[in-house]
Amino acid sequence: MDREILESVGIDYAEAEERFSGSTELFEKFLEEMATMNVIASLQKALTDGDIINAFRVAHTLKGNFGNLSIKPLYEVVSPLVEALRSENVLEAQKLYIELEKEYVIVTEGIKKAMK
């Protein structure tokens with residue numbers, strides 16, 4: 001994968017490389033999976049259905065995944081989204097979801113470009 005492209009969309013490659021104990025193949029495999037599956041779709045469905053408990057669970061999982069993969073832009077948006085859901089502020093969570101969706105497109109497109 002093209003490290004420069006990944007870094008240009010906000011992925012801290014050096015941090016992730018350290019977190020994955022130098023296993024760039026494993027790190028890049030997880031990035032590829034994240035870019036080819038719509039990992040935020042279940043969050044959107046839970047928010048649309050008004051299922052705050054499930055939305056919180058999904059958002060919290062995404063927060064951990066984005067953090068472990070050092071995807072800073074997504075982590076920085078999903079973190080306050082988790083807190084909005086924790087306090088049951090659905091309106092704020094929906095607003096943050098829109099921002100997350102925009103960032104998600106940018107990041108996943110960058111990952112796909114880096115894979116070529």
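In this predicted model, helix 4 goes past helix 7 in a left-handed crossing. Helix 4 covers residues 41–49 and helix 7 covers residues 90–115, and their axes come within 11 Å, crossing at roughly 155°. Since angles over 145 degrees count as roughly antiparallel, that makes helix 4 roughly antiparallel to helix 7. On the helix 4 side, the contact comes down to Leu43, Gln44 and Leu47. Helix 7 answers with Ala93, Gln94, Tyr97, Leu100 and Glu101. Sorted by class, this contact between helix 4 and helix 7 has 5 nonpolar, 2 polar and 1 charged residues.

Helix 7 also takes part in a second pairing, this one with helix 3 (residues 24–36), where the axes come within 9 Å and cross at roughly 125°. That angle makes helix 3 oblique to helix 7. As for handedness, helix 3 passes helix 7 in a left-handed crossing. Helix 3 brings Leu31, Glu32, Met34 and Ala35 to the contact, while helix 7 puts in Tyr104, Val107, Thr108, Ile111, Lys112 and Met115. The class tally for helix 3 against helix 7 reads 7 nonpolar, 1 polar and 2 charged residues.

Helix 7 meets helix 4 through residues including Ala93 and Glu101, and it meets helix 3 through residues including Tyr104 and Met115.

Technical notes
Residues numbered from 1 in each chain as written. Predicted model: local features only at pLDDT ≥ 70, side-chain atom pairs only at ≥ 80, totals over all residues. Heavy atoms only, no water. Axes fitted to C-alpha atoms, helices over the stretch in contact; angles between N-to-C directions. Helix = DSSP H or I, 4+ residues; strand = E, 2+ residues; numbered from the N terminus. Parallel < 35°, antiparallel > 145°, perpendicular 65-115°, else oblique. Left-handed = near helix turned anticlockwise from the far one by under 90°. Contact = heavy atoms within 4.5 Å. Nonpolar A, V, L, I, M, F, W, Y, C, P; charged D, E, K, R; others polar.
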